[in-house]
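Work through these exercises with the sequence and the model side by side. Try each task before reading its solution.

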Amino acid sequence: MNKLHLVLVLLVAVVMLTVPAAAEVALGGSVGGSTATISVTSSPSGASVYDAGVYQGTTPCNIIVHTTGTPIDHDIVISKNGYYDYHQYIGTVVTDQYITVNAVLTPVVQTGYLDVSSSPSGANVYIDGIYKGTAPLVVSVDAGSHSVRLEKPGYNTWYGTYSVSAGKTVQVAASLSASVTYGYINVHSYPSAADVYIDGNYRDDTPAVITVTAGTAHEVKVVHSGYEVYRQTVTVSSGSTVSIDANLVASGDAYIQLASYPAGAAVYVDGSYCGNTGYSSSSSVNYMHIGPLSAGTHSIMLKKDGYNTYTSTVTLSPNEVRTLSVTLTPTSPTPSGYSSLSLSSTPSGADVYVDNVFRGYTPIYLSDIPAGQHTLLLQHTGYNDWTEYVSFTSDYTVEKDVTMSPTSVPPAPTQSPFPVLAFVGLIGFAAFAIRRMN
């Protein structure tokens, strides 16, 4: 046999000896003998696979188990960045057994916030086509791109698209444009400071320029204590202004001027609804004018959600203008500037910290969170800490449902150097044998 043939034979022997050693790692015993197979796939693929804490490769992959050795419990863990770990316990396997593990990985959801306001306020807010409430409001959303739609009667629909990062708040300020055409009514009265009602609704005190829908007849009513009610019906063209000069005539009727703190209380006189009180400040009182009323005794009632009903009686003389200021008392006083937190977790029983102060265990409801930015922290044995910087708004409840991720599995070990060393040794042996033959 010549030297070239001998070299070729030795190289073939090297390949046959080293390839099996590099392709399989015995699990449950020494290499050789009977085997079983664990076939692992994942969606998405490319996830790291661990069996009993030992790294096996990335999906899709087959784990060859040698069943002639000491049996072990097989516990499969599939891990991929951006997804929760997948666990499947198999236990011991038997010869020729073929086990499949198909893991559908769940993405880790991270949230941010959309702080939505509208001009005018009160627009209906839709995030990704789902109704969330009326502006202004703060909405918790998954990190990523979101469509925002605002709707309000009399205004064109507003659209926007915003990208939200985890833990961040994005401001959405929507300026709505009117969808109908308007005109104006310019109202003056003698004397001034009279209440102006348009189609039965209080709009302002004289002198006032009031915006109305064009092309429609509107009833204008001017009311002043001690004077006859002035009425006029007008139709306004688009973009034009109609002026009204109301020369009020004195009457023998009585009137009431009424203000409430807080404003917005519904007023009833002798059981009949008269309207709602307007906003007043300490320096400027905005009285609601009620009348004309006949001389005599009248019952007064004010109602507002969250406050006790106020009732009283007044006796009016002819031509009298009675001024009343009513301070309403809350039914259940609550501190202003606070928000609420509804927090749950999987698993439950996690320690809850707000700004590093322990508050209890999940699930939990807290109603004393001051408005502003606060740090939330969840801790649970066997799971990674969860933390988020959250924006709280007065009189709103922030809801969170957190899925905690288990403590990370050990990193993949480095590959054994045995196959490479064996290959190098066999090459050296071949070289030595050739030299001996010379």
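**Exercise 1.** In which loop is aspartate 270 found? Then state its backbone angle and its exposure.

Solution. Some ground rules come first. The model is predicted, so to speak, by record: local features need pLDDT of at least 70, side-chain atom pairs count only at pLDDT 80 or more, and totals for chains, interfaces and linings use all residues. Residues are numbered from 1 along each chain as its sequence is written, and side-chain values use heavy atoms, with hydrogens and water left out.Step 1: locate the residue. Aspartate 270 sits in the loop between β23 and β24 (272-276). Strands (E, at least two residues) and helices (H or I, at least four) are DSSP runs, numbered from the N terminus.

Step 1: read the angle. Phi of aspartate 270 is near 55 degrees, a positive value in a residue other than glycine. Most residues other than glycine have a negative phi, and most peptide bonds are trans.

Step 2: Aspartate 270 counts as partly exposed because its relative accessible area is 42%. The cut-offs are under 20% for buried, over 50% for exposed, and partly exposed in between (1.4 Å probe, protein chains only).

**Exercise 2.** Where does aspartate 96 lie, and is it buried or exposed?

Solution. Step 1: aspartate 96 lies in the loop between β6 (86-91) and β7 (98-104). Step 2: its phi is near 70 degrees, a positive value in a residue other than glycine. Step 3: aspartate 96 has 68% relative accessibility, so it counts as exposed.

**Exercise 3.** Trace the pairing of β26 on both of its listed partners.

Solution. Step 1: start with β23 (residues 266-269). This strand pairs with β26 (residues 296-303) in the antiparallel sense, over 4 bridges. Two strands pair if DSSP finds at least two bridges between them. Tyrosine 268 stands opposite methionine 301 in β26.

Step 1: move to β27 (residues 310-316). The pairing of β26 with β27 is antiparallel too, with 7 bridges. Here threonine 297 stands opposite threonine 315.

Step 2: look at the turn. The hairpin of β26 and β27 has 6 residues between the strands, and glycine 306 takes a positive phi near 90 degrees.

**Exercise 4.** How many residues lie between β2 and β3 in their hairpin?

Solution. Step 1: find the strands. β2 (residues 48-51) and β3 (residues 54-58) run antiparallel, joined by 4 bridges. Step 2: find a facing pair. Aspartate 51 stands opposite valine 54 in β3. Step 3: count the turn. There are 2 residues between the strands, and alanine 52 in the turn has a positive phi of about 55 degrees.

Step 3: look across from β2. The C-alpha atoms of tyrosine 50 and valine 77 are separated by 5.1 Å, although these residues are 27 apart along the chain. Valine 77 lies in strand β5 (residues 74-79). With a relative accessible area of 7%, valine 77 is buried.

**Exercise 5.** Find two cis peptide bonds and place their prolines.

Solution. Step 1: the bond from tyrosine 190 to proline 191 is cis, with omega near 0 degrees. Proline 191 lies in the loop between β15 (182-190) and β16 (195-198). Step 2: the bond from threonine 206 to proline 207 is cis, with omega near -5 degrees. Proline 207 lies in the loop between β17 (201-205) and β18 (208-213).

**Exercise 6.** Which residues does glycine 122 contact, leaving aside its neighbours within four places in sequence?

Solution. Step 1: glycine 122 is in the loop between β8 and β9 (124-127). Step 2: its contacts are Thr134, Ala135 and Lys152. Contact means heavy atoms within 4.5 Å. Step 3: glycine 122 counts as partly exposed, at 33% relative accessibility.

**Exercise 7.** Which strand gives the most to the lining of the largest pocket?

Solution. Step 1: take the volume. The largest pocket has about 770 Å³. A pocket is an open set of points on a 1 Å grid over the protein atoms alone, where a 1.4 Å probe fits, with protein on both sides within 12 Å along at least five of seven lines; lining residues have an atom within 4 Å of a point. The volume is the space filled by probe spheres set on the points, which are joined across faces, edges and corners.

Step 1: find the centre. Of the 32 lining residues, the closest to it are Thr111, Ser140, Trp386, Glu388 and Lys400.

Step 2: name the strand. β35 gives the most, with 7 residues.
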